[in-house]
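Please open the model in the viewer and keep the selection panel at hand. The tour begins at the ligand and then moves to the helix pairs.

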Amino acid sequence: MGNGNVVSVVTIGTIAYDSIQTPFGETDCIAGGSALHFASSASFFTSVGIVAPVGEDFDVCELSFLRERNVDLSGVEVLNGRTFRWKGRYGYDLNTAITLETSLNVLKDFKPHLPESYRYADFIFLANVDPELQSCAIDQIKNREAYVALDTMDFWIESKRDALMEVIKRVDMIVVNEAELRQISMEYNLLKGAKKILSMGPKTVVVKRGEYGILMVNDEEVFLCPAYPLEEVFDPTGAGDTFAGGLIGYLSNVGSVSNQTLKQAAIMGCVMASFNVEDFGAKRMKSLTHKEIKERYSLFKKCVEFSDLKL
Ligand code: AMP
């Protein structure tokens with residue numbers, strides 16, 4: 001599907017039909033998936049290519065908004081069978097998704113194949129998908145300097161723990177939520193858990209904490225920021241992936257992974273996630289503009305800025 005352009009960021013993940021229930025409404029079979037949400041965000045900052053399978057039942061028009069934002073879809077494969085489906089529910093605690101049903105469908109037989117033009121990308125985001133597929137994608141990277149980030153979830157931590165531990169050793173950054181961090185590290189304390197994961201190989205650990213923001217830890221720094229304060233959160237699905245899209249997209253845009261840019265990128269991730277949760281699925285990302293992103297980044301900065309003590 002698509003042209004096979006040279007891209008700066010490649011994501012390997014899912015394209016899904018999601019059925020979501022929140023306290024504010026429900027929706028059946030809307031386009032989602034980790035790769036789709038990531039690309040909907042990262043494409044505001046950089047050129048993105050997607051590697052993911054869809055089934056014959058998938059309406060490719062669902063991806064036209066990404067195509068319009070120059071996302072390369074040559075890594076999207078149409079396979080025999082049905083598209084991956086996820087059914088989830090959120091209670092009034094919008095920070096925790098309860099999985100009601102996961103139907104792997106075409107994901108069961110999928111082996112990622114990175115088009116040749118993707119193999120030299122500078123950033124790879126291994127979105128939430130089977131860790132064996134994440135490893136298989138890393139094997140195909142030809143840019144030795146590529147910066148690789150990984151996300152995962154309880155489903156894979158429980159069912160493919162060994163494979164996950166192997167792939168964690170091979171990445172530069174891991175982006176997980178609090179529960180996932182605890183499950184991987186077997187530590188309750190987030191800082192201890194993050195440090196344990198650092199000892200496994202990654203240089204930076206980013207912990208997504210829903211409405212409480214993020215914690216970012218590496219050997220030099222511990223960085224904390226809140227989520228952007230919103231009065232109404234409608235649907236948190238995709239918040240984690242749009243966060244990662246803002247983070248990796250921004251890093252790719254500035255072409256540097258210093259502690260300074262990592263912090264700006266984390267704030268940009270929070271900004272992008274805050275837009276995504278304003279409507280069901282990826283709907284808000286379709287109408288979003290660069291002007292709105294810049295305005296919210298400035299407002300965010302004001303919310304977290306304070307001056308030095310005069311004591
Ligand atoms: P998040 O950004 O963490 O809210 O991720 C939301 C997306 O994850 C949804 O659009 C789902 O389709 C997708 N998803 C749910 N379960 C899985 C799974 N086991 N593997 C990969 N993707 C999943």
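Select the ligand and the residues around it: 18 residues form its surroundings, the closest being Asp18, Gly33, Asn128, Gly238 and Asp241. A residue counts as near if one of its heavy atoms lies within 4 Å. This is a predicted model, in which local features need pLDDT of at least 70 and side-chain atom pairs count only at pLDDT 80 or more, while totals for chains, interfaces and linings use all residues. Residues are numbered from 1 along each chain as its sequence is written, and side-chain values use heavy atoms, with hydrogens and water left out.

Next, display the polar contacts (pairs of N or O atoms within 3.5 Å). An N or O atom in the side chain of Asp18 is 2.4 Å from an oxygen atom of the ligand. Gly33 places a backbone N or O atom 2.7 Å from a ligand oxygen, and for a backbone N or O atom of Gly238 the distance to a ligand oxygen is 2.8 Å. Of the 510 Å² of accessible area that the ligand has on its own, the protein covers 90% (Shrake-Rupley method, 1.4 Å probe).

Now colour by secondary structure, with helices (H or I, at least four residues) and strands (E, at least two) taken as DSSP runs numbered from the N terminus. β2 (16-22), β6 (84-89), α4 (154-159) and α8 (239-254) each give two or more residues to the shell around the ligand. Which element gives the most to this shell? It is α8, with three residues. By type, the shell comprises eight nonpolar, eight polar and two charged residues, with Gly counted as polar.

Axes are lines fitted to C-alpha atoms over the stretch in contact, and angles run from 0 to 180 degrees between N-to-C directions.

Then select helix α3 (residues 131-139) and helix α5 (residues 161-168), which pack at an angle of about 30 degrees with their axes 8 Å apart. This makes α3 roughly parallel to α5.

Finally, select helix α6 (residues 178-185) and helix α7 (residues 190-198). Their packing angle is about 55 degrees and their axes are 9 Å apart, so α6 and α7 are oblique to each other.

Notes. A polar contact is a pair of N or O atoms within 3.5 Å; within protein, one must be able to donate a hydrogen and the other to accept it, and residues adjacent in sequence count only if both atoms are side-chain atoms. Angles under 35 degrees count as roughly parallel, over 145 as roughly antiparallel, 65 to 115 as roughly perpendicular and the rest as oblique.
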